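Open your viewer and get your selection tool ready. We will go from stop to stop, with a short note on what to find at each one.

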Amino acid sequence: MSSSPVIAVTMGDAAGVGPEVVVGALADAAVHELCRPLVIGDARRLREAARLRGAAVEVVAVGSAAEARFGPGRIDVIDLGLLPEDLPWGELSAAAGEAAYQYVRVAAELAIAGEVRAICTAPLNKEALHAAGHLFPGHTELLAALTGTEEVSMMLSTPKLKVIHVTTHIGLLDAIARIEPGLVARTVRRGHEAIRAAGVDAPVIGVCGINPHAGENGLFGAGEEEEKIVPALELLRAEGIDARGPLPADTAFFLAGRGDYDLIVAMYHDQGHAPVKVLGIEAGVNITVGLPVIRTSVDHGTAFDIAGTGAAEAGSMIEALRQAADLAPVSVS
């Protein structure tokens with residue numbers, strides 16, 4: 001285990017299911033065979049989550065990664081102590097939003113310093129984050145800012161389907177306006193490199209259109225595919241990248257599911273998220289592509305409706321940790 005990667009696990013919004021899924025995942029002995037998880041969060045909240053779940057784990061506050069001892073039955077946590085003792089479950093809280101921001105900030109600093117090899121994030125709540133004065137659409141943009149990365153992409157990964165997004169957390173009209181050949185090409189390149197890093201030497205990439213039936217030769221839309229996507233595909237193919245399209249989105253995901261494509265490129269948030277979530281929340285992992293550090297996340301939200309009940313499933317967090325461990329450089333410490 002001493003050679004497995006140290007992974008910073010951010011606790012997410014403490015009013016949501018983040019503490020429960022973190023505890024649920026780290027109570028699984030198999031996770032400790034994959035990595036050395038170091039939680040950035042609140043020890044008291046994790047102990048409360050362990051009680052709710054009936055998890056037999058010891059939550060130990062440590063001052064640094066070097067102080068952590070790791071191992072099954074133990075949760076090492078850098079306790080920032082930012083939460084009020086009476087923080088309710090399942091309610092929007094600026095205090096929880098501020099704490100969630102600080103957990104990610106500390107994790108990013110540890111990653112940049114080389115003290116952790118990857119970051120795995122539990123869900124935060126965007127409204128709570130904004131209430132605390134941190135005006136980011138989500139983890140992807142927040143981590144880009146914290147690491148000084150100009151542009152990143154969101155990739156959803158399941159055992160059956162992988163999807164990278166050209167645009168994410170903006171309105172549909174804004175997304176269509178933002179899509180242009182340069183952004184499409186950069187997104188495909190990031191996806192191509194990520195799939196190659198995962199062991200596929202020559203990825204086949206399917207690129208969705210914007211309009212129904214990918215515009216059907218100008219029948220739908222105003223020629224967006226020809227203007228915004230086709231030039232990028234021509235450039236990418238000239239570079240030796242096997243990028244095919246523009247494809248009708250309603251069939252692209254079916255074809256990818258049967259194995260025709262290693263990666264699908266979605267033009268906007270729901271075009272890519274909806275097909276993945278049909279496969280089940282537990283199947284999906286969110287990977288930020290383009291950061292100087294590996295970052296994975298659960299592919300679900302804070303689930304305020306079940307927070308504090310002990311009912312939250314930890315499967316997506318376990319899968320996110322597994323993929324972080326697979327993608328992360330191995331620590332030599």
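**Stop one: a buried loop residue**

Select threonine 302, which is buried at a relative accessible area of 8% (buried means under 20%, exposed over 50% and partly exposed in between, with a 1.4 Å probe and protein chains only). This is a predicted model, where local features need pLDDT of at least 70, side-chain atom pairs count only at pLDDT 80 or more, and totals for chains, interfaces and linings use all residues. Residues are numbered from 1 along each chain as its sequence is written, and side-chain values use heavy atoms, leaving out hydrogens and water.

Threonine 302 belongs to the loop between strand E12 (294–298) and H12 (helices, H or I of at least four residues, and strands, E of at least two, are DSSP runs numbered from the N terminus). Beyond its neighbours within four places in sequence, show Asp13, Gly16, Val17, Pro123, Leu124 and Asn125, which are in contact with threonine 302 (heavy atoms within 4.5 Å).

Next, select H12, residues 315–327. Its buried residues include Met317, Ala320, Leu321 and Ala324.

Stay on leucine 321: with neighbours within four places in sequence left aside, its contacts include Ile7, Val9, Cys35 and Cys120. In the largest nonpolar core, of 94 residues, Leu38 and Leu321 touch the most other members (such a core is a set of buried Ala, Val, Leu, Ile, Met, Phe, Trp, Tyr and Cys residues joined through side-chain atoms within 4.5 Å). Helix H4 (residues 94–112) gives the most to this core, 11 residues.

Terms used
Expected span 1.5 Å × (residues − 1).
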